[in-house]
Structure formats: structure tokens, C-alpha cells
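Please keep the sequence and the structure in view while reading.

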Amino acid sequence: MSENESGPADEAREDLPATPDSTQLEVVEVREGMFGAEGTGDTSGYGRLRRPVAMPGPSRRPYGGWHDDVADRLEAGFSDVATSSPEGGPIEKVVVDRGEITFYIRRHHLLEVAKLLRDDAGLRFEFCSGVSGVHYPDEEGRELHAVYHLLSMTHNRRIRLEVTAPDDDPHIPSVVAVYPTADWHERETYDFFGIVFDGHPALTRIQMPDDWPGHPQRKDYPLGGIPVEYKGATIPPPDERRSYA
């Protein structure tokens with residue numbers, strides 16, 4: 001058979017549904033140096049490293065298996081919002097990567113989505129196993145991300161919700177009223193990333209002292225030179241930790 005001829009296998013392949021293309025990546029920031037620090041006086045050459053941070057882009061239907069069932073029920077539950085709102089429904093995008101599905105939710109719809117995921121008989125995501133934060137300082141207008149890990153014990157399924165907020169307006173609704181287990185997780189995310197969870201029953205720091213300046217897991221937080229107040233010590237900045245001959 002010549003290169004231009006097609007056989008039965010090729011014809012059958014054309015009938016297969018499109019699959020999510022997780023190779024289409026979105027660059028959210030570029031890191032410099034080995035640890036993202038600048039001005040370290042590093043003579044090893046690692047200080048000149050430039051590495052793009054790329055995340056999987058939006059996936060296409062069909063997502064595969066029960067992922068489509070969950071997406072269908074979510075979209076059906078907010079079909080009236082999708083048609084009446086200029087920005088569309090509560091789902092900003094869907095990403096399927098490495099067999100896991102993440103729904104990016106617009107922050108002002110988070111509570112409605114969480115209630116539907118918990119209460120709908122076909123969804124029944126009864127348990128929120130964790131809330132975590134991520135900081136992408138170069139993703140303008142979406143620097144702060146809150147990530148929610150949900151488990152359906154009824155259907156033995158796991159999904160992830162992701163909500164973004166800008167640095168200059170770091171507010172996201174608290175889901176404690178829907179998932180009480182999120183209480184301390186939201187406090188930790190607030191402590192380390194500075195995301196303010198509106199409606200939380202007691203949003204205070206959980207790891208750092210109450211008067212600690214800044215949020216230590218943000219990427220723009222200094223790697224050193226921060227006084228360790230309760231021990232009277234100081235961690236030197238990176239460029240003072242090692243001298244080169």
C-alpha cells in the first residue's frame with residue numbers, strides 16, 4: 001500500500017471521538033535561576049536558568065468516562081445562568097490531565113457549584129478533603145488560585161475545583177457552610193497565601209503568629225533575611241549564605 005492510500009484501519013480511526021489534547025500548554029510564568037531567587041552571586045551557572053511554567057490548557061469533549069457525566073450535570077444545573085450571563089456559566093474551563101479532571105469555577109459562583117456537587121443525586125461529592133493555594137505572580141489578574149479536592153463516596157469519584165482571584169482583590173467565598181472540613185484548610189491557605197475567604201467563621205492565621213507580616217508561600221516572599229521573632233535569630237538572604245573564592 002502506498003503512502004497516499006488509506007486502509008480500513010485509517011477509516012475506523014476517523015470515526016473515533018476526539019480526545020482531550022493535554023499537550024496544548026499555557027505558560028503562566030517564567031522562573032529564573034534554580035529556585036527563582038535573584039542576585040545570589042551564583043557562579044555555578046544555575047543562576048542563568050530560565051524555565052517556563054506551563055499548565056495544561058482547556059480540554060475538549062469528550063473528556064472520557066464519568067468525567068462527561070459530571071460535566072453534563074454541572075452544565076445542566078446552571079444552563080439558565082449560561083444563557084443569561086454575558087460571561088457564560090460558572091464553569092470557566094475544564095482541564096483533564098493524567099486522568100484527573102479540574103473544573104475552573106468563577107469565584108462568585110463557587111458556593112452554588114459546591115452545593116450542587118454535594119446535593120445532586122448523580123454527583124454526591126459529599127466530602128472536601130482539602131483546600132490549598134497556589135501563587136502565580138506573572139498571571140496578571142489571576143495571581144492567586146484556591147484548589148478544592150472533592151470526593152464522592154457514593155460514586156467513588158474524585159474531582160478538583162480551582163478558583164482564581166487577583167492580588168489586588170484576594171477574596172473568594174468560603175465553602176465552610178457547605179463543607180465544614182474546609183474550616184482549617186481555608187485558614188491555612190489564608191495564612192500562607194493571603195487569600196481572604198469571605199464568610200469564614202473565624203479567619204485567623206493557623207501556623208504563623210497573628211502579627212506576622214506577609215504570606216510565606218507566595219513566590220514573591222523573600223527566601224531569607226526574615227527575623228525569626230520567637231527565637232531571636234535571622235535567616236540570611238541567599239546571597240549571604242555562601243561565599244565564592
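Predicted model: local features only at pLDDT ≥ 70, side-chain atom pairs only at ≥ 80, totals over all residues.

Residues are numbered from 1 along each chain as its sequence is written, and side-chain values use heavy atoms, with hydrogens and water left out.

**The chain**
- The chain has 5 helices and 11 strands (DSSP runs, H or I of at least four residues for helices and E of at least two for strands, numbered from the N terminus).
- Of its 245 residues, 38% count as buried (under 20% relative accessible area; exposed is over 50% and partly exposed in between, with a 1.4 Å probe and protein chains only).
- Among contacts (heavy atoms within 4.5 Å) with a separation of 6 or more, 53% join residues 24 or more positions apart.

**Helix H5**
- Helix H5 comprises the 12 residues 182–193, and its span from first C-alpha to last is 16 Å, close to the expected 16 Å (1.5 Å times one less than the number of residues).
- Its buried residues are Ala-182, Glu-186, Arg-187, Thr-189, Asp-191, Phe-192 and Phe-193.
- The cover over these buried residues includes strands E5 (127–135), E6 (144–152), E8 (171–173) and E9 (196–198).

**Gly-64**
- Gly-64 lies in the loop between strand E2 (50–56) and helix H2 (66–77).
- Gly-64 is partly exposed, at a relative accessible area of 34%.
- Gly-99 is 35 residues from Gly-64 along the chain, and their C-alpha atoms are separated by 9.0 Å.
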